[in-house]
Amino acid sequence: MSDITIFHNPQCSSSRNALALIRDSGVEPTVVEYLKTPPSRDELLALVQRMGGSVRDVLRQRGSPYDELDLGNPKWTDAQLLDFIAQHPILIQRPIVATPLGVRMCRPAETVLEILPKAQ
């Protein structure tokens, strides 16, 4: 099993490009298609904490129920946002990549190079 994990959506070009960059570095990552197998609340929170950000940093706005759920409203706590994400995994911005060197939201895809042990 690889020590690199990508939370991936094959329909997303940024996600496909980040996956290609990882593979080009000579590593076959663990690929988690998060729409089929969403991370648990605890797993997502741990990823956010390793990124050094907030739950809001991983919220996808476009192409998701973000506006319908009024998730831009500051009244929502991180715990509540995690509940929304658990109900609607499409709310996860992608791709998120975790390596021993850190966790990044890889938009643009080249951001993944910052955390690859054997970057190109």
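Which residue in β3 does Ile6 stand opposite?

A: Ile6 stands opposite Val97 in β3. The model is predicted, with local features requiring pLDDT of at least 70 and side-chain atom pairs pLDDT 80 or more, whereas totals for chains, interfaces and linings use all residues. Residues are numbered from 1 along each chain as its sequence is written, and side-chain values use heavy atoms, without hydrogens or water.

The pairing of Ile6 with Val97 belongs to the contact between β1 and β3, which run antiparallel and are joined by 3 bridges. Strands here are DSSP runs of E of at least two residues, and helices runs of H or I of at least four, numbered from the N terminus; two strands pair if DSSP finds at least two bridges between them. Thr5 also has its bridge partner in β3, namely Ala98.

On its way to β4, β3 takes part in a hairpin, with 2 residues between the two strands. The pairing of β3 with β4 is antiparallel and comprises 4 bridges; Thr99, for example, stands opposite Gly102 in β4.

The side chains of β3 divide into two sets: Ile96 and Ala98 point one way, while Val97 and Thr99 point the other way, and all are buried. Buried denotes under 20% relative accessible area and exposed over 50%, with partly exposed in between (1.4 Å probe, protein chains only). In general, side chains of a regular strand alternate between the two faces of the sheet.

These strands belong to an open sheet of 4 strands, ordered β2-β1-β3-β4, with mixed pairing. β2 and β4 (102-105) are at the edges and have a single partner strand each, so one side of each lacks a neighbour in the sheet. Direction ignored, neighbouring strands are turned by 15° against each other on average.

Helix α1 packs on the sheet and touches β1, β2 and β3, its direction making about 160° with that of β1. Such angles run from 0 to 180 degrees between N-to-C directions of lines fitted to C-alpha atoms, for helices over the stretch in contact. The buried residues of α1 are Ser14, Ser15, Ala18, Leu19, Leu21 and Ile22. They lie on the same side of α1, because they cover an arc of only 160° around the axis, the arc being that of the directions from the helix axis to the C-beta atoms. Their cover includes β1 (5-8), β2 (30-33) and β3 (96-99), where contact means heavy atoms within 4.5 Å. After α1 comes Gly26, with a positive phi near 95°.

Helix α2 (residues 41-51) lies across β1, β3 and β4 and runs at about 95° to β4. In α2, Leu44, Leu47 and Val48 are buried. Their arc around the axis is only 100°, which puts them on the same side of α2. What covers these buried residues of α2 includes β1, β3 and β4, together with α3 (78-87). The face of α2 turned away from its buried side carries the exposed residues Asp42 and Gln49. Gly52, whose phi is positive and near 80°, follows α2.

In sum, Ile6 faces Val97 across the β1–β3 pairing, and β3 is among the elements that cover the buried residues of α1 and also those of α2.
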